[in-house]
Amino acid sequence: MGQEEQSSVGVGEEEEETREVVEKEEVETWNQRKQTLILEISSKLIQGDLEAKIEAARDIRNLVRKSSSSSSSSSSKTRSKLGAAGVISPLVLMLCSPNPDARQVSLLALLNLAVRNERNKVKIVTAGAVPPLVELLKFENGSLRDLATAAILTLSAAALNKPIIADSGAAPLLVEILSSGSVQGKVDAVTALHNLSTCKENSTDILDATAVPPLINLLKECKKYSKFAEKTTALLEILSNSEEGRVAISNSDGGILTLVETVEDGSLMSTEHAVGALLSMCQSCRDKYRELILNEGAVPGLLRLTVDGTAEARERARTLLDLLRDSPQQKQLASSVLERIVYDIATRVDGADKAAETAKRLLQDMVKRSMEHSMSCIQQRAASCTPSNTQPT
């Protein structure tokens, strides 16, 4: 390497070292400035008048945003430091203010503090945020109601908060939002209800049959393989465990059909929940629900699910198919004979080592042919029902 090249390499290394030193100094300066801002914000919220409190709440949002732009770890530390600085209690008090600006900025500040911070979530609920948030869910002001819904969603993600929120009366108001809220409000309400439903001692209490029609409508409109569909079908499965819920599903326009379509097109989890709801209905009263489920063309999707679903979904699909047969007493014979025949054929074709994989492909082909046959029958029935061109006498 020539002398000029060595010189240029040396200069490059010096520039890199200088840049690292400058960046480190900038980070230290920002951290010092940030700590000063946190103390100023805390002081305004605790000791300031209403205008000072509103300004401080806005500063929280801006500070967290600025920290997020540098790194996720920096924003997480900023949230923790703000929570430790005593800003949460005065922000919760602002939720009860008659001033709409105070309510809105405090809601936004609390949301920013709660996101991805379990400790702050618990602190906010402990400080008494849930009752005023429930009151805000009753507001006709769409913006405030949406923010309150988002706050309930965020806070309900913490396990310690779930029983408190479940006992607060928030659930019926969230169910109302499923019908009358904004698009984002409906999405957040479903997720919040799903969070609360995972609290075992409350899952049967937070929902009643009034939730079924809006949940069915939302499931109709969404992509069946989406995370939203997974949460919606999970709630419908819970509701199918009560007689009122089952009746509401069967009485809802397209209720059973929507579940059948989810079995056919859903993700692994949404198909598991959808078949669970259908199975619960059929097990509760086979004579009442068997024909309703069969009439919506459930069999092809259930056959596919016995091959492609989760272990739980496969078992549920087999059980439901047994219940849908004309003679449920023969269910063990029919299931075992079919599986044994397919496995024997697969063993003869590809040998014992590959028999399981070959059997799966054969079953998939049977499902495909069954679905094609079902579609052909539907088309023939539709053609036979077409009105003739002859004029009535």
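How many residues apart are lysine 227 and glutamate 230 in helix 13, and what does that make their separation in helical turns?

A: The structure is a predicted model, in which local features need pLDDT of at least 70 and side-chain atom pairs count only at pLDDT 80 or more, while totals for chains, interfaces and linings use all residues. Residues are numbered from 1 along each chain as its sequence is written, and side-chain values use heavy atoms, with hydrogens and water left out.

Lysine 227 and glutamate 230 are three residues apart in helix 13, so about one helical turn separates them; helices here are DSSP runs of H or I with at least four residues, numbered from the N terminus. An α-helix has 3.6 residues a turn, so residues three or four places apart point the same way. The two side chains form a salt bridge, their closest N and O atoms being 3.8 Å apart, where the term asks for a side-chain nitrogen of Lys or Arg within 4 Å of a carboxyl oxygen of Asp or Glu. Lysine 227 counts as exposed at 58% relative accessibility, whereas glutamate 230 is buried at 15% (buried is under 20% relative accessible area, exposed over 50%, partly exposed in between, with a 1.4 Å probe and protein chains only).

Helix 13, residues 227-239, also takes part in covering the buried residues of helix 11, together with others including helix 8, helix 9, helix 10 and helix 12. Helix 11 itself runs over residues 183-197, and among its buried residues are Asp188, Val190, Leu193 and Leu196.

Aspartate 253 is exposed at 65% relative accessibility, while lysine 220 is partly exposed at 33%.

Across the whole structure, the search finds twelve salt bridges, and the chain has 21 helices and zero strands. Its average pLDDT, the predictor's confidence in each residue from 0 to 100, is 84, and 76% of the residues score at least 70. Over residues 387-393, however, pLDDT stays under 50, and where pLDDT is low, the predicted coordinates should not be read in detail.

Methods: Contact means heavy atoms within 4.5 Å. Helices (H or I, at least four residues) and strands (E, at least two) are DSSP runs, numbered from the N terminus. The expected span of a helix is 1.5 Å times one less than its number of residues.
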